[in-house]
Amino acid sequence: MLRFLGSFLMLLTSLVRAEVAWSELPALPDEHGFAGAFAGTSGGTLIVGGGANFPDGAPWDGGSKIWHDRVFTLASPDDTWQASSPLPRPLGYGVALTTDDGIVCIGGCDSQEHHADVFRLRWTGEGVSVDELPALPTPLAYAAGALIGDTIHLIGGSTSPDATTASSRHFTFDGSTWNELEPLPGEGRILPVAAARGGSFYVFSGASLAPDAEGKPVRTYLRDAWKYDGSWTRLADLPRAAVAAPSPAPPVGASHLLVIGGDDGTLVDFQPKSEHPGFPRGILAYDTVTDTWTDAAPLPETLLSPVTTPVVEWDGTYVVPTGEVRPAVRSPQIAIATPTASKTAFGALNWSVVVLYLAGMIGVGVFFMRREAASSTEAYFRGGQRVPAWVAGLSIFATMLSALTFMGIPARAYQTDISWYIGQIPILLIVPLVAACYLPFFRRLNLTSAYEYLEKRFSLPSRLFASLSFTAFHLGRIAIVLYLPALALAAVSDIDVVTAVVVIGVLCVIYTVIGGIEAVVWTDAIQAIVLMAGALLCFAIAAFRVDGGLGGMLEIAQADHKLIENLRWDSFSIADGTTSAVVLFVAFFFNSLVPYTSSQDVVQRYVTTRDLAAARKSLKVTMWMSIFGSMVFFLLGTAIYAFYKTHPERLDATLPAADSILPFYIVHELPVGISGLVIAAIFAASQSTVSSSLNSVATAFVKDLDSRLLRPGRDDRTYLRSAQTVVVLAGLIGIGIAVTMAKSNIESAFKTFNAMIGLTAGSLGGLFALGVFTRRAHGTGALLGALAGLATVLSLHLSKAPVSGLLYAFIGFATCFLTGWILSLVLPGRSNPSLSLHKS
């Protein structure tokens, strides 16, 4: 029954969901229009110049093809076209690409020859200026190109009007020098479609040339596709040829490229040519993640389908100016496309499930408020030390993984592979280390704030540095885990991201304020169960609906290198995007070690249990849940990849962000009601982390600042009110940061979060390690070491050094530990070595 339902749902959609709104700009002020024009933007002004047309009629009617040097400008979509100074010569069929410095025009031809000239068009405010640039190594026309960063990539073309072979040469231009890279492995071609996406250069279709019996060039229409990212990779063939389609292909959504129209060669011999119906109106959508092609919605009937014309990005839209619409016929029509993300009604039943869940979480807070959980700071911060070990373990699991796991890890596995699962293996080493070396100190000293240990071991400044560092990090953490589920909600409904952030944040604040740590821990445990149930359900449905089921999913994953094949055991690269197994293991080891040994939200749970033995049991629960749960989340991304690989028409080409892939799948592919439950699981993941951060930030403030420095000696009720006030203020600050984050462009929230860990918390882990594992370290050396670690990581981040953000925790930790230990050997300072493992 489930398989039948899935098949029925997929039949309802035959085209990929790609909402692109097409309209027209003012027509070019030439009744014929041009093919092969140069176009781009400079200073916010759209510029179109050059090209060729048949003003006196088609060649079979005695007309001649005329090349032009005329240039037109359009200041805004509502303005009118203005004539400007001409090109250096009549020219067309070159490549035009918009850069920060202007429009770079490359090669082209006229009625006599092909050219190697390169020049730049700039809008001066009064007209268009022309600057000469270094020429191509060879004349080229009918080539294609795209801009990747500051580098232009150029492919294909021909070197002369009567050429019987096409070029496969691959050139790059950095603004001053032309270089030649590995040629395209496929056939040389003219009129291909180029594109740029994610730092890679794409080449689609085109036509190869070969001489006929009389030595004249004959075209063969190609359907192959290629990607260059340091080397060439053959991609899935196009469903049809798309020769001379507007280029470069516009990127839309998180991972798609659109090939608009193009000549498929089926009407190349059509007669009479004067009655040619025009070129295909269909739009092909290519997904760069799944390497699949689908048919998007075609051009509307009100627009013609031009070829031999560029695509120009202009203020978030894509302009397709003029072009050839059938043999020897051009059009002055200027089409403009605006990609818009599609929205799907979430439905009353789904909303009911979510609302009931959220109400239940508030109910848990009310229950513990009535249970005297919020009657004292002891109950508010430590829950009376009556929390069962399994509940504390689930709470740590939910706190550490949160919405970053539910959405970020599946999104990463979908986009790349599951190689980052190696980052979960260190937990098998970290938990025994924490249980043996750290837990005894936290329990023996009967700590409420973890940073009390640092004052007893080192000094008050060390304690304050750690507490403030923790607070700063968790305000950011609150923000990012509010942002993720808000993104999920916005991706599936018409509710604004900001509204979703505020609603989720306020609900978290309410039940954290009224229920204290006991409410937080128990809701964490409930949310961990909901989280895992939602992930398992989502994985099972996704894998079942892949052609071939679970076995088919694994076959696709293996064939497309979506498992761990990309891990490099012989590499030690530390650059961003590293696939070194050793580097990733070390990076994730310290990314996990830091919170398990020095983060108040985790350490606080160690002291909510009855005794040391119970605390150790809670860590074991966390360890195995992390190993099992993370694998589920990674494989969930793999299952969704396999599903859209086999059903590419189901994927929205305008999906706004890579991290939206899971909520998109949930709402569009899961049955009504179940999708509401899984969205509730995303809320659960977010709320568990936010509530934990809120309570632990309040604990750190009251214990490390308020009762220690600001207002010592006050009654317990005063400090309880202070804690509740801080929960509200921290929630508001986190909500504010999340709103700012929602308005910015974040490639991957999971990756951003891992960088944040090291940026603010690496030194914190180093401080605790200095206290536990060294005898000679003292307060002065430890504090200077912590500052050195923070300064080192900040300098790497601000200087944009070629170091992966995943390593920030390790760098901050190691710098703090080594610097603090060395300085402690040469500088005087206060120390209490009895609180280290080396007491004498």
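**Strand pairing and beyond**

A: Strand 27 (residues 317-321) and strand 30 run antiparallel and are joined by four bridges; this is a reading of a predicted model. Within that pairing, Tyr 318 stands opposite Ala 337 of strand 30. Strand 30, which spans residues 334-339, is also joined to strand 1 (residues 20-25), here by six bridges and again in an antiparallel arrangement. In this second pairing, Ala 21 has Thr 338 of strand 30 as its bridge partner.

An open sheet of four strands can be followed in the order 22-23-24-25, with antiparallel pairing. Its edges are strand 22 (251-252) and strand 25 (292-296), each of which pairs on one side only. Strand 22 is joined to strand 23 (residues 256-260) by two bridges, and these two strands run antiparallel; Pro 251 stands opposite Leu 257 in strand 23.

From the pairings, the account moves to one side chain and its surroundings. His 170 is found in strand 14, which covers residues 170-173. With a relative accessible area of 0%, His 170 falls under the 20% cut-off and is therefore classed as buried. Its side chain makes a polar contact with the side chain of His 153 at 2.9 Å, and the side chain of His 170 also reaches the backbone oxygen of Glu 182 at 3.5 Å. If residues up to four places away in sequence are not counted, His 170 touches a set of residues that includes His 153, Leu 154 and Ile 155, the run Asn 179, Glu 180, Leu 181, Glu 182 and Pro 183, and also Phe 201, Tyr 228 and Trp 232.

By residue class, the lining of the second largest pocket divides into 25 nonpolar, eight polar and eight charged residues.

Key
Residues numbered from 1 in each chain as written. Predicted model: local features only at pLDDT ≥ 70, side-chain atom pairs only at ≥ 80, totals over all residues. Heavy atoms only, no water. Pairing = 2+ DSSP bridges. Buried < 20%, exposed > 50% of the residue type's maximum accessible area, 1.4 Å probe, protein only. Polar contact = N/O pair within 3.5 Å; in protein donor to acceptor, adjacent residues only side chain to side chain. Contact = heavy atoms within 4.5 Å. Nonpolar A, V, L, I, M, F, W, Y, C, P; charged D, E, K, R; others polar.
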